[in-house]
Amino acid sequence: MASKTKTQLNVMQQLKDIEEQFQTLQILNEDGQVVNEADMPDLSDEQLQELMTRMVYTRILDQRSISLNRQGRLGFYAPTAGQEASQLASQYALEKEDFILPGYRDVPQLVWHGLPLSQAFLWSRGHFEGMKIPEGVNVLHPQIIIGAQYVQTTGVALGMKKRGAKSVAITYTGDGGTSQGDFYEGINFAGAYKAPAIFIVQNNRFAISTPVDKQSAAKTLAQKAVAAGIPGIQVDGMDPLAVYAAVHEARERAVNGEGPTLIETLTYRYGPHTMAGDDPTRYRTADLDNEWEKKDPLVRFRKFLEAKGLWNEEKESAVIEKAKEDIKEAIKVADAAPKQKVTDLMSIMYEEMPQNLKEQFELYKAKESK
Amino acid sequence: MAQMTMIQAITDALRTELRNDPNVLVFGEDVGVNGGVFRATEGLQKEFGEERVFDTPLAESGIGGLAVGLALQGYRPVPEIQFFGFVFEVMDSISGQLARMRYRSGGRYHSPVTIRSPFGGGVHTPDMHADSLEGLMAQQPGLKVVIPSTPYDAKGLLISSIRDNDPVIFLEHMKLYRSFRQEVPEGEYSIPLGKADVKREGTDLSIITYGAMVHESLKAADELAKEGYSVEVIDLRTIAPLDIETIVASVEKTGRAIVVQEAQKQAGIAAQVVAEINDRAILSLEAPVLRVAAPDTVFPFPQAEAVWLPNYKDVIETSKKVLTF
């Protein structure tokens, strides 16, 4: 039997000490009561209502997207219900000039940053017009390669720093994504360059069917910031005010030249991983689902706003109706997009077509004109 | 005009573009104060400052991501991968990301990035330094792949690569860095990408090649001339896209061709050149198009380079097979 040395004991204490530094930031509890006045963000009544509006709208967008996907009117779709606080309150803390590098589940942030809904639908269907981002909207297409958005974010942030811009690059990944090499390289480069970046980890506890404790023995994901020597913070990702406060503060630090922050949001997706046949009942219990539904960000924020006299059923119905109308209209616009031709795909490969493509372009042009 | 080695011509091209365009950024492992492990970026940080020429943490994938992100902010990144054998660490940033940016965004974004990287055998480097992996890059839509063989070509092609608004992989053969000097014009000049160069004119056989094999082929052509054969040597200079016009015109003239590469037979781009000739000039061929390439093993342990790497003797042997078919 190995003898217990003093060193061994200290190592166990070291893990505990680290863990203690990453307590969950919460402002609103499940009943919508403020449990942390000190960190309360400075938001006007109108801003609070706007944040609720966006969360309700996005819940409807998720419900309609799932339904449109089942009807075959949308393609790839990664459900977002449950993550409204994490996704929308973080985006709400940004300015227009901030640049978003989303993961594949982060379409709502793009929409609220200025991407027309019809284009989000075209991206889901697989049409190149979907991610022809309008000028002045600072977002990239949703990243499919998990982790790639992290290393790219550092590049965008360093670019902003070199230009002397007072803006940030923000990116999102999931709990599974923290196991990737690019996750670590991204936060480490940003730390080394003191780049104005905000790295968000949306920990919804599952990477498809793999629970977070199979990803790492680390007790929090926020503490992975320590490896990069940057601040890390864990927030209640079902609490819009805590998420807003954390991102707002990280943004302030970044634009003041103090470097990046890693933010872990503890959240949950009520739906499947994607609509491509994933069945969460194979790996999640109904008890766990119920436990997280009690933490619903809409429920607690609704209670909070109702108590302040800022929200009621009538307001919520109006948002729901507006969302449904917008979605109907956006699907119509998407339907009207011209079908893609091979010559279109060739035209967007290079600024000037190389010889092989020029040749193939003529062949396909002839085919298409038949 | 000045007598320059290829490495000096490369430094000169980088200096020219750093001066011309404030968006050009040079970065990588040890390219700053150290001036690069081969001195390719010697003196550049001193002249242009740490904002323009800077070191990175030791992580190729992170360097690739940095290039993608800086390009999204309007910069013209010229990152370095210290040895091209390390490209596997950054394959996603290159093939999965940079190469696809313009297409994925429907033209909204693009990636004016030039990745410089040394490769090539003959200098007894350790494992994973000298491998010829250009074939992997040439198979990726969205990239251009440039491989110079002379100081003059290196400067003009690097200036063109940096000015190109799409990603270019610029591969520098280590054995050619300082093996000879050549007259290189001062100031800026450019050589179009995708254009081959006839390094020697001939009428009996076309040798199509690139990189260090250009010089082996020229040496072979000298020897063959002594036996009365007139050999044309085409230096591809850009291996993706290929200069089909120059290749086909030469084969139509000579009626015989071989393709010479340093990479293994199953790698490189020789098979692609053979296929293009078969598609376009089969009626001109007096003999099949044969290939000179390395054996299909992992790149040799340093002491085995001499017996493994293709050289001018292999070129002569294969040329004769085709000339006497």
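**Reading salt bridges and the interface**

Analyst: Asp296(A) is buried, with a relative accessible area of 7%; buried means under 20% relative accessible area, exposed over 50% and partly exposed in between, with a 1.4 Å probe and protein chains only. The model is predicted, so local features need pLDDT of at least 70 and side-chain atom pairs pLDDT 80 or more, while totals for chains, interfaces and linings use all residues. Residues are numbered from 1 along each chain as its sequence is written, chains are lettered from A and ligands numbered from 1 in the order written, and side-chain values use heavy atoms, without hydrogens and water.

User: With which residue does Asp296(A) form a salt bridge?

Analyst: Side chains of opposite charge can pair when their charged atoms come close. The rule asks for a side-chain nitrogen of Lys or Arg within 4 Å of a carboxyl oxygen of Asp or Glu. Here Asp296(A) pairs with Arg59(A), the closest N and O atoms being 3.1 Å apart. Asp296(A) lies in the loop between helices H9 and H10 of chain A and Arg59(A) in helix H2, so the pair ties together parts 237 residues apart in sequence. Helices (H or I, at least four residues) and strands (E, at least two) are DSSP runs, numbered from the N terminus. Arg59(A) also counts as buried, at 14% relative accessibility.

User: How many salt bridges are there over all chains?

Analyst: The count is 39. One of them joins Asp98(A) and Arg251(A) at 2.6 Å, N to O, and both residues are buried. In chain B, Glu172(B) meets Arg116(B) at 2.7 Å. Glu172(B) is in strand E7 and Arg116(B) in strand E5, so this pair ties together parts 56 residues apart in sequence.

User: How many residues does each chain bring to the contact?

Analyst: Contact means heavy atoms within 4.5 Å. Chain B gives 42 residues and chain A gives 41. Buried area is the accessible area (1.4 Å probe) that two parts lose on being put together, summed over both. Between these chains it is about 3400 Å², with 57% from carbon and sulfur atoms. In chain B, Gln73(B), Tyr103(B) and Arg108(B) lose the most area to chain A, together 19% of what that side buries.

User: How many salt bridges are there between chain B and chain A?

Analyst: There are 3, including Glu51(B) with Lys162(A), whose closest N and O atoms are 3.5 Å apart.
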